[in-house]
Structure formats: C-alpha cells, structure tokens
Amino acid sequence: MKKLFLFLCILGIVLPYYHLINFLILNEGSMEGFFADIFSTHPIAMISMDLTVAATTFLIFLIYKAYKDKLNITKYIISMFIVGFSLALPLYLYDNYEKI
C-alpha cells in the first residue's frame, strides 16, 4: 500500500504541474486569467470548491494532529501550498500508513 501512496505522490506532482505548465505556455508565462478560468463554468467551479473544502479540512486535521500528537506538519503544509492537496494527502498517508 505504501508503494501506491508513493505513486500517488508522484501523480500529485506531475498531473497538476502538467496543466499549469500548459496554461503558462498558452498565456506566455502570465498567470493573468488563472483564477477567472477556475470559476468560469459551474462544473469547474464545483470541482474547485470541492477541492477547496477538502484541502481546508485536511489543513484543520493537520493542525489538530500537531497539537494532539505533536506531529511535525511542516512538510505537509509546504507541499499543500507549493504543489497542492494532490501531493499533501498522499504524502501524509505514505508517512503515516503504519499508524492508520
């Protein structure tokens, strides 16, 4: 199972950045219009809100675990804000698989 979580960590980096790089190529390196595009249609806005709530819930859970179990959450927070929830959650599951 740990190998699957590691594979998902890799996908969590590659897939979002593939699309980010394509967006930047199409917009000549500019982030202009990025946030307008993620709310451009109702289905896309629904997915964006779903991920926002899920990532926020995971962030609150991490803070709780830091206080309760003295878990060092630094790498999960950094991975969430540098890459995204698609890396932070599989990384947490990979690191804590034995405890779950």
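Tutor: Helices (H or I, at least four residues) and strands (E, at least two) are DSSP runs, numbered from the N terminus. By that count the protein chain has five helices and zero strands.

Student: And what are we looking at, an experiment or a prediction?

Tutor: This is a predicted model: local features need pLDDT of at least 70, side-chain atom pairs count only at pLDDT 80 or more, and totals for chains, interfaces and linings use all residues. Residues are numbered from 1 along each chain as its sequence is written, and side-chain values use heavy atoms, with hydrogens and water left out.

Student: What box do the C-alpha atoms fill?

Tutor: Roughly 45 × 25 × 20 Å, taken along the principal axes.

Student: How much of the chain is buried?

Tutor: Buried residues make up 22% of the 100 residues. Buried means under 20% relative accessible area, exposed over 50%, partly exposed in between (1.4 Å probe, protein chains only).

Student: Which residues of α4 are buried?

Tutor: In α4, residues 74–82, they are Tyr-76, Ser-79 and Met-80. They span an arc of only 100° around the axis, so they sit on the same side of α4. The arc is that of the directions from the helix axis to the C-beta atoms.

Student: Why would residues three or four places apart point the same way?

Tutor: An α-helix has 3.6 residues a turn, so they do.

Student: What's on the face turned away?

Tutor: Phe-81 and Ile-82, both exposed.

Student: And what covers the buried residues of α4?

Tutor: The cover includes α3 (42–69) and α5 (85–95). Contact here means heavy atoms within 4.5 Å.

Student: How do α3 and α4 pack?

Tutor: At an angle of about 160°, axes 11 Å apart. Axes are lines fitted to C-alpha atoms, for helices over the stretch in contact, and angles run from 0 to 180 degrees between N-to-C directions. The two are therefore roughly antiparallel (over 145 degrees). Ala-55, Phe-58, Leu-59 and Leu-62 of α3 meet Tyr-76, Ile-77, Met-80 and Phe-81 of α4.

Student: New topic. How do α1 and α5 pack?

Tutor: Helix α1 (residues 2–26) and α5 pack at about 165°, with axes 8 Å apart. That makes α1 roughly antiparallel to α5. Residues in the contact include Phe-5, Leu-6 and Cys-9 of α1, and Leu-87, Pro-90 and Tyr-94 of α5.

Note on methods:
Parallel < 35°, antiparallel > 145°, perpendicular 65-115°, else oblique.
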